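Dear colleague,

Please find below the structure that I am handing over to you.

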Amino acid sequence: MLDQDPIIVAEASDDESREQRERFLANYKCLQESEGGGSGARKRVLVVGDGNLSFSLALARLFPNIELVATTLDSRAVLEERYASGEVVRELEALGAEVRDEVDGTALGAALGASFRADLIVFNFPHHPGKGYIQRNRALLLGFLESSAQ
């Protein structure tokens, strides 16, 4: 969907970035209702599989009135080692987002609690790298869909 990093798109300064920002916003039009006051209720958005949390940060910046829960499969230590994400986590939390690590997208109830509900779930399909993993990718997708339906 995005040709550039989501954070760059969120901060769009040139014409090309602004165009991508508009496409991004069009895809999440339902969240704009929260921005304009609409029904007055904040929308709860769950982001699953956001490896380095840049997508969640872009959402938090673009839609400051949503209740955002950003998740990754990795632990905080791995996030910091792999992506140097400490600053991103701090900014997300400063923007009011909840950051949950070690969340298995195929077992959302176990990770978030059986009573957890969201108005929108964004799944950044974290496929198995390399060729020949189609069965694993299918299993991951099926597991996520079953888990999110509960």
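How many bridges join strand E1 to E4? Strand E1, residues 44-48, is linked to E4 by four bridges, and the two run parallel. Within this pair, Val45 stands opposite Leu120 in E4.

As to sources, this is a predicted model, in which local features need pLDDT of at least 70 and side-chain atom pairs count only at pLDDT 80 or more, while totals for chains, interfaces and linings use all residues. Residues are numbered from 1 along each chain as its sequence is written, and side-chain values use heavy atoms, with hydrogens and water left out.

The open sheet consists of four strands in the order E3-E2-E1-E4, with parallel pairing. Strand E3 (98-100) and strand E4 (120-123) stand at the edges with a single partner strand each, so one side of each lacks a neighbour in the sheet. From one strand to the next, the twist averages 15°. Here strands (E, at least two residues) and helices (H or I, at least four) are DSSP runs numbered from the N terminus, and two strands pair if DSSP finds at least two bridges between them. Angles run from 0 to 180 degrees between N-to-C directions, with axes fitted as lines to C-alpha atoms, for helices over the stretch in contact.

Most residues other than glycine have a negative phi. Leu53, in the loop between E1 and helix H4 (54-62), has a positive phi of about 70°. Leu53 is buried, with a relative accessible area of 0%. Ala84, in the loop between helix H5 (76-83) and helix H6 (86-94), has a positive phi of about 50°. Ala84 is exposed, with a relative accessible area of 51%. Buried means under 20% relative accessible area, exposed over 50%, and partly exposed in between (1.4 Å probe, protein chains only).

With kind regards
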